[in-house]
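Good morning, colleagues. May I ask you to turn to the model on the screen.

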Amino acid sequence: MSSSPALPNTTALDPAVAARLKRDAHGLVPAIAQQYDTGEVLMMGWMDDEALHRTLTTGRCTYWSRSRAEYWVKGDTSGHLQLVKSVALDCDGDTVLVKVDQVGAACHTGDRTCFDAGQLLITGS
């Protein structure tokens, strides 16, 4: 795979959707995966135009791995699938919310969610 994500307008992503995206300097937007029926926040990954296009057209979450510099479909190696139920952009177009039916663990550590770690201590109020 390429060492950098696809550039805008180099994929089959709907041009109206692509025009709404506000990407970082690397052409990426954060994508939050949320369990569709419980609202549980599962994980955050990165998407470029091609990853979002693949997610919308295959029904499986596709992310851009910054560490491996390649696309990855959640569950292809682990079997822990994310079956897409809906996709939305936030009001600024700089974050994608993907509501999924998570099969197995969402976190690479084997936990159900990447946010299961202990809560941070709030010291002021």
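Predicted model: local features only at pLDDT ≥ 70, side-chain atom pairs only at ≥ 80, totals over all residues.

Residues are numbered from 1 along each chain as its sequence is written, and side-chain values use heavy atoms, with hydrogens and water left out.

I begin with the rings. Rings of Phe, Tyr and Trp (its six-membered ring) pair if their centres lie within 6.5 Å; planes under 30 degrees apart are stacked, over 60 edge-to-face, and the rest tilted. The count by this rule is 2 aromatic pairs. Tyr63 and Trp72 make a tilted pair, 4.9 Å centre to centre with 35° between the planes. The pair of Trp64 and Tyr71 is edge-to-face, because the planes stand at 75°, with ring centres 4.8 Å apart.

Arg54 lies over the face of Tyr71, 4.3 Å from the ring centre; the rule asks for NZ of Lys or CZ of Arg within 6 Å of the centre and within 35 degrees of the ring normal. Lys85 lies over the face of Tyr36, at 5.0 Å.

Is Thr62 buried or exposed? Thr62 has 1% relative accessibility and therefore counts as buried; buried means under 20% relative accessible area, exposed over 50%, and partly exposed in between, with a 1.4 Å probe and protein chains only. Beyond four places in sequence, Thr62 has contacts (heavy atoms within 4.5 Å) that include Arg54, Tyr71 and Trp72.

Finally, Ala69, a residue other than glycine, has a positive phi, near 55°.
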